[in-house]
Amino acid sequence: MKVIAPGTVIFHRHRGFGVLTSVNLLTGWVAARFGDEKRVLDLNLSTDEIQHADGEPILFRRHPPERMPHARLMAMVRALHAAGYQKLYLYTWPKPSGLHWRWQLFTGTRNWMARPCREGWYGSGADYNVNPVMGWGDAPGASTEELIHALAQFDPAGLAQALGKDEDHTAWFADVCDKLLPDFAYSLGADSPTSPLPLYLPVIGVRQRQTVPVDMTLRYPPGWEQTWSPESRALHYQQRAVVRHDVIPNAWSLPLEF
């Protein structure tokens, strides 16, 4: 997309050629003067179908861009599962800084901790912010079908290892995708005896200023608890067993006897 600024010549289907007098890329509103008109006209880049003088459309995002590719990866994995590549898994975990999340695709045996690493099958949200591609020859903004086609061309031998059935994981992954896409993704990450994972599957937003619903309770993938240490497993089940008896809900009306 070409740069737009005050002085850019534009074309509007109802007004003809004009010149931008002010541009606000935070809101998507611009002001333009057409012909010999003295007054400027306010236009919105999202809805008014403004073009450059040579006919190239001027596009503006209605929603914040994705800062992480995880939701797009989940949609691609779900499509490959439906096509019979059920031994394909997506592992995501937070960086130590907590600002971004890493991701890795792996195939074959479902071993969350001992994952085979193939070139181009892993990445980070920090890299995605600068160059929004996965790393296997895909283009920015590629659709699910285009991502699959690019991956098949980039590493056909690696993708062939995903052929096979894993019905438990496929059913779990499809359920998670139905509840999270297109705005959210899941996070796994290793636990530790002093910092166990929460009771339910952690959820992250792929765009800035996205609030994760507090009532979103998703279970961990099949076999995930086998990766936990005995201390973390005990703490995890202890979270399930905690019941508060010192708080009475407001809706209860108990008779008081003296």
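Biologist: What makes the five strands β4-β3-β2-β1-β5 an open sheet, and how do they pair?

Modeller: In this predicted model, the five strands lie in the order β4-β3-β2-β1-β5, and their pairing is antiparallel. The edge strands are β4 (41-44) and β5 (51-52), and each pairs on one side only.

Biologist: How do you know that strand β3 pairs with β4?

Modeller: Two strands pair if there are at least two bridges between them. Four bridges join β3 (residues 29-34) to β4, so the pair qualifies. As one example to look for, A31 has D42 in β4 as its bridge partner.

Biologist: And what makes β7 a partner of both β6 and β8?

Modeller: The cut-off is again at least two bridges. Seven bridges join β6 (residues 88-94) to β7, and three join β7 to β8 (residues 122-124). Both counts meet the cut-off, so both pairs hold. Both run antiparallel. You can find Y89 bridged to F106 in β7, and W103 bridged to G123 in β8.

Biologist: Why is helix α1 called mostly covered?

Modeller: Buried means under 20% relative accessible area. Ten of the 13 residues in α1 are buried, so the helix is called mostly covered. Among them are L73, M76, V77 and L80.

Biologist: How does the reach of α1 (residues 70-82) compare with what is expected?

Modeller: From its first C-alpha to its last, α1 reaches 19 Å, close to the 18 Å expected at 1.5 Å a residue. Just after α1, G84 takes a positive phi of about 105 degrees.

Key. Residues numbered from 1 in each chain as written. Predicted model: local features only at pLDDT ≥ 70, side-chain atom pairs only at ≥ 80, totals over all residues. Heavy atoms only, no water. Helix = DSSP H or I, 4+ residues; strand = E, 2+ residues; numbered from the N terminus. Expected span 1.5 Å × (residues − 1). Buried < 20%, exposed > 50% of the residue type's maximum accessible area, 1.4 Å probe, protein only.
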